[in-house]
Structure formats: structure tokens, C-alpha cells
Amino acid sequence: MKEDAPVISKQPVGPATVWSLTLGFVLAVGLTLAAYFVVVDHWLYGVWVVVAIVALAVAQLLVQLIFFLHLGREGKPRWNLAAFFFMLIFLFIIIAGSLWIMYNLNYNMIQMSPQQMDSYMKQQSNAGF
Amino acid sequence: MSKTDSIAVEHLDAVETARHGTTALGFWIYLMTDCILFASLFATFAVLRGATYGGPSGKELFGMPFVLTETLILLTSSFVCGLVLLGAKYNRTKLVILGLIITFLLGAAFLTLELTEFTHLVQDGHSWRASAFLSAFFTLVGTHGAHISMGLIWIIVMIGQILKKGLVKGTIRRLTLFSLFWHFLDIVWIFIFTVVYLMGVL
């Protein structure tokens, strides 16, 4: 088997240290506990709970990407980072697209009784759809 | 790999090279496609989370202190795995083996807790057949669990290889790829923790 070609980039990277790993770990545990207590101990109410725990999850994503996976520390060209952003675009399309389409389907279909659906369809065809 | 080669390995260099070599890039791209697999399972779950077919929702089913324990165990496992790679950098074979064993035990503890949760759900009649919500739940969380199981097998194989060959280029590269895999699974779990469990009990 061929050994790794020297590397794609030979620029020095910031090495991980015990301290950077420990800092990442402490931050991750803190963010996990914060999200947990926001929900379980009702620190917030209504839509703010969802906003807070999503924000905390994204913050933890960044912490782990930086301190554990060292994303962005490679030299140019940054293929790892490019692949990551490419994946994010797909992720967004799949999740947001599914929720959007399925919400509309739900809205148009499930809440209606068969009679309502019938009159809705007639109305639509009269309107020229 | 030849013997002279293995003796001449500069460990510091080997770790950096492994992380930024073509093999690691290929593995990273695999992880990104795995993210897309999980994204579709998350999307499915998000769409079906209300479809309980008259059965209980997450609020009645999930035990939160239990899930927090799982999360913290996996997080610690991920941290120890980072330390293992650092140990490999400074050629501390015994520390690396010890770290791998701890990583394995924490991973196994996590998997045991997850299977306990699954068993309880199924025994109480809330299996994947009960509703669309539970199907989506078992598929998403179970796929993560399957990844963890593969990781545990990977650790055992690596412990054997390192005992036999020592910390040479090949084993260091595998260690590096494993750490990427393990941290990645931890990140996926954070989103399962948030989307499935925390949002489930709101």
C-alpha cells in the first residue's frame, strides 16, 4: 500500500494540547448541562426554550469542531472545511425542505374531514386549478 | 511496513501527517456523507414526531436524568479519545492502550444504557411497531447505536494491533481516523439529545 503522500498541505498546524482538549471538554459539559436545565428546570418559557437549546447545541457543535476535530486548522487548500460546508448545504436542503413540504401537506390534508376535503377540492377546481 | 521504517517514525510528525493526509481527507468525506444519512433520519423524525397514533409521546416515555447520564458518558469517552491521540503523539504506548480501554468501557456503558432504554420501551409495548413516531425514534437512535457498536469493535482491533506492532505510522493513522469517527458520533448524539429528547419532553 502506498504511504500517504507527504500531505496535501505542509503548513504547520496548531497542535492539540491537554489544555485545549480539557477546555473543550469543560465547555461541552457546561453547554450540555445548561441545555438540560433550561428544559428540565423550566428556566425559560414558550418558544424561547427551543431557541435556547438549539443555540446551545450549535454552540456545542462549534466547540467540538474546534477543540476536538480541529476543523479549520489545516493549511490551504482547506478541503476538510470545504467538504464540511458542502455537507451543511445538503443538510439544510434535506431538513428544511422535508419540514416545509410535509408541513404544507399536513396543513392541506390532515386537518380536514372528508366533507371539508370534498368542498375544498371543488372550490379549487372552480378557481381553475 | 518495514522495521526500519517503524523505528524512524517521528511520532509528532506522524500524527499531524495522518490528520492532514489524503487518507484522512477520504475518511472525512465519508463522515460528511454519514452526516447526510443522519440528516435524512433527523428530517424523518422531525416530520413524524407528532404522529403517535394515539399512543404516548416522548414526554411520557423519556427519562431525562437517564439520558443526561448517557450524554455525559459519551462526552467523557470522546474526551479520553482525544487524550489517546495526544498520547500517541508523544509515543506513550501504555497510556494509549489504557486510554483506549477507558474509551471502550465508556462506549460500552453508553451502549448498555441505550439498549436498556430500548428494552424497557419494547417491554412496555412501545416498540417501533406502535407508531410512526416510535419507528422514526428507533431508526434514528438505533442507527447511532449501530455506529457506536462498530466503533467498539474498531477499538478492540486497534488495541490488538498496537500491542503487536506498536505505535507506527499505520496504527497512528488508524488511531487518528478512529478519533475523527468517535468525535463525530459525539456531535451527532448532541443533536439527538437536543432534538429527540430535550424537545421531546417540552
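This is a predicted model: local features need pLDDT of at least 70, side-chain atom pairs count only at pLDDT 80 or more; totals for chains, interfaces and linings use all residues.

Guide: A helix here is a DSSP run of H or I with at least four residues, and a strand is a run of E with at least two, numbered from the N terminus.

Visitor: How many helices and strands does that give for chain B, and what is the pattern in chain A?
Guide: Chain B has eight helices and zero strands, while chain A, with four helices and zero strands, reads α-α-α-α along its sequence.

Visitor: What makes helix 3 and helix 8 of chain B roughly parallel or antiparallel to each other?
Guide: The two helices pack at an angle of about 15 degrees, with their axes 11 Å apart. Angles under 35 degrees count as roughly parallel, and helix 3 of chain B and helix 8 of chain B are therefore roughly parallel to each other. Their crossing is right-handed.

Visitor: Which residues make that contact, and how do they divide by class?
Guide: On helix 3 of chain B, the residues include F27(B), W28(B), L31(B) and F38(B), and on helix 8 of chain B they include R173(B), L177(B), L180(B) and F184(B). By class, the contact has 15 nonpolar, two polar and one charged residues.

Visitor: Why is H42(A) called exposed?
Guide: A residue is exposed if 12 or fewer other C-beta atoms lie within 10 Å of its own, and H42(A), with 9 C-beta neighbours inside 10 Å, therefore counts as exposed. H42(A) lies in the loop between helix 1 and helix 2 of chain A, and its phi is near 50 degrees, a positive value in a residue other than glycine.

Visitor: Why is N91(B) called partly exposed?
Guide: The buried class begins at 20 other C-beta atoms within 10 Å and the exposed class ends at 12, with partly exposed in between; N91(B) has 16 such atoms, so it is partly exposed. This residue is found in the loop between helix 5 and helix 6 of chain B, and its phi, near 60 degrees, is likewise a positive value in a residue other than glycine.

Visitor: What share of each chain is buried?
Guide: Buried residues make up 17% of the 129 residues in chain A and 42% of the 202 residues in chain B.

Visitor: What makes a set of residues a nonpolar core, and which residues have the most contacts inside the largest one?
Guide: The members must be buried residues of the nonpolar kinds, joined through C-beta atoms within 7 Å. The largest such core has 70 residues, and those with the most contacts inside it are V84(B), A88(B), L140(B) and I172(B). Among the elements that give two or more residues to this core are helix 1 and helix 2 of chain A, together with helix 5 and helix 7 of chain B, and helix 8 of chain B gives the most, with 17 residues.

Visitor: How many residues does each chain bring to the contact between them, and which helix of chain B gives the most?
Guide: The contact takes 40 residues from chain B and 41 residues from chain A. On the chain B side, helix 3 gives the most, with 14 residues, and by class that side has 26 nonpolar, eleven polar and three charged residues.

Definitions and conventions
Residues are numbered from 1 along each chain as its sequence is written. Chains are lettered from A and ligands numbered from 1 in the order in which they are written. Two residues are in contact if their C-beta atoms, placed from the backbone, lie within 7 Å. Ala, Val, Leu, Ile, Met, Phe, Trp, Tyr, Cys and Pro count as nonpolar, Asp, Glu, Lys and Arg as charged, and the others, Gly among them, as polar. Axes are lines fitted to C-alpha atoms, for helices over the stretch in contact, and angles run from 0 to 180 degrees between N-to-C directions. Angles under 35 degrees count as roughly parallel, over 145 as roughly antiparallel, 65 to 115 as roughly perpendicular and the rest as oblique. A crossing is left-handed if the near helix is turned anticlockwise from the far one by less than a right angle, and right-handed if clockwise.
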